Amino acid sequence: MAATKAPVALITGITGQDGAYLSQFLLGRGYRVIGLLRRSASADVVGERLRWLGVHERVQLVDGNISDLSSLIRVVEAAAPDEVYHLAAQSFVATSWQQPLVTATATGLGVIHLLEAVRIVRPMARFYQASSSEMFGLAAAEPQNESTPFHPRSPYACAKLFGHWMTVNYRESFGMHACSGILFNHESPLRGIEFVTRRITDAVARIHLGLASEVRLGNLDAERDWGHARDYVRAMWLMLQQEIAGDYVVATGRTTSVREFCRLAFAEVGRDWAAHVTSDPARLRPAEVARLRGDARRARQVLGWAPETSLETMVAEMVEADLARHRARLARG
Ligand code: GDR
């Protein structure tokens, strides 16, 4: 009997948190994983997250850029993917006010570039777009589901909304199997240090080890529906396994404030958050998304998806990882 060929997945944003967890997940299911890599000066730190999960050696990285259509056409042609996961973006909301055009180009137009490359070269490939709960912004209803109207509150959210509708449009126009996953905030020890959860757990570790005494945050009243990235990449894959493409909210349904996240994280090392955390007006955003809570009933019913990691377990994992990182740094001297 002829051996069946391993399915091929192409991932943009493979060096980010979700790219690393998704690579690990797909490799575990027998995929060949190819990742798009943007040329950058810091090539040595590029594989950091993949290395952390022990999958660095098993993924193939290819040069390309989501702002350059011809590079994407070449990559899609050479990779001949069965599934394309578009995770690359300028993903930090706060930066999007400082760099709205960079954000629109990478986070918004990047989606058409990749959709076009797939449509031209590999139209049968299944396509996943990383959409965001930020699109709900000044949310019209709670909890938010696939029918909740959008009201983006940042250049980032506007760009994501554009990418979301382009994905829907390519599905409706060309019959492509294109899905948009409206993912609520998802965190892990691999979260970038600029996002609030990692900023907090990193500070907890530094304060506990005597390397710092306080951390300045912005709006402590902001409330988010926080899940674990490892659980959320599974939902991405499940969307592409359905016969019919669609859009899905992925969330836990539980909302927690930044203040409460601080309390949980400092409690991990037996400290009172209030002694170490201050709210700095300079860190407030020009327009804030005050509160989000997702309703992932459709994902539960159609995909059979459910989150497996509780917020408390995730906070403990993140604090522990940051303690280990700083202890290792101290040991190196
Ligand atoms: P968000 O994540 O903007 O929701 O987008 P982030 O962690 O940056 O902010 C969450 C909330 O915390 C408040 N906040 C702070 N945020 C940061 N980064 N730093 C601070 O010091 C701070 N203090 C308070 C914010 O104002 C905000 O209300 C994330 C990103 O991953 C997006 O790419 C993704 O689309 C969405 O989640 C779903």
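Tutor: Two residues are said to be in contact, or to pack against each other, when heavy atoms of theirs lie within 4.5 Å. Helices (H or I, at least four residues) and strands (E, at least two) are DSSP runs, numbered from the N terminus. The structure is a predicted model, in which local features need pLDDT of at least 70 and side-chain atom pairs count only at pLDDT 80 or more, while totals for chains, interfaces and linings use all residues. Residues are numbered from 1 along each chain as its sequence is written, and side-chain values use heavy atoms, with hydrogens and water left out.

Let us look closely at helix α11, which covers residues 311-332. The expected span of a helix is 1.5 Å times one less than its number of residues, so for the 22 residues of α11 one expects 32 Å, and the 32 Å between its end C-alpha atoms agrees with this. Just after the helix, Gly333 takes a positive phi of about 85 degrees.

In α11 the buried residues are Leu311, Met314, Val315, Met318, Val319, Ala321, Asp322, Leu323, Arg325 and His326. When you read such a list, remember that an α-helix has 3.6 residues a turn, so residues three or four places apart point the same way. The buried residues of α11 pack against α2 (48-52), β7 (186-187), α7 (196-208), β10 (227-228), β12 (256-257) and α9 (258-267).

Tyr232, which sits in α8 (residues 229-240), counts as buried because its relative accessibility is 0%. Setting aside neighbours within four places in sequence, Tyr232 has contacts that include Leu183, His186, Trp226, Val250 and Trp305. Tyr232 and Ser257 are 25 residues apart in sequence, and their C-alpha atoms are 20 Å apart in space.

In helix α6 (residues 155-174) we find Thr167, which is buried because its relative accessible area is 0%. Not counting residues up to four places away in sequence, Thr167 touches Val111, Leu115, Phe127, Gln129, Ala178, Cys179 and Ser180.

Most residues other than glycine have a negative phi, and most peptide bonds are trans. Ala80, however, has a positive phi near 45 degrees; this residue lies in the loop between α3 (69-79) and β4 (83-86) and is partly exposed, since its relative accessible area is 27%. The peptide bond from Glu142 to Pro143 is cis, with omega near -5 degrees, and Pro143 belongs to the loop between β5 (126-132) and α6.

Gln90 lies in the loop between β4 and α4 (95-98) and, at 14% relative accessibility, counts as buried. A polar contact is a pair of N or O atoms within 3.5 Å; within protein, one must be able to donate a hydrogen and the other to accept it, and residues adjacent in sequence count only if both atoms are side-chain atoms. A polar atom of the Gln90 side chain lies 2.9 Å from the backbone nitrogen of Phe92.

A backbone N or O atom of Glu194 lies 2.9 Å from a nitrogen atom of the ligand, and a polar side-chain atom of Arg285 lies 2.7 Å from an oxygen atom of the ligand. Taken alone the ligand exposes 710 Å², and the protein buries 96% of that, where accessible areas come from the Shrake-Rupley method with a 1.4 Å probe and, for residues, only the protein chains shown count as cover.

Note on methods: Buried means under 20% relative accessible area, exposed over 50%, partly exposed in between (1.4 Å probe, protein chains only).
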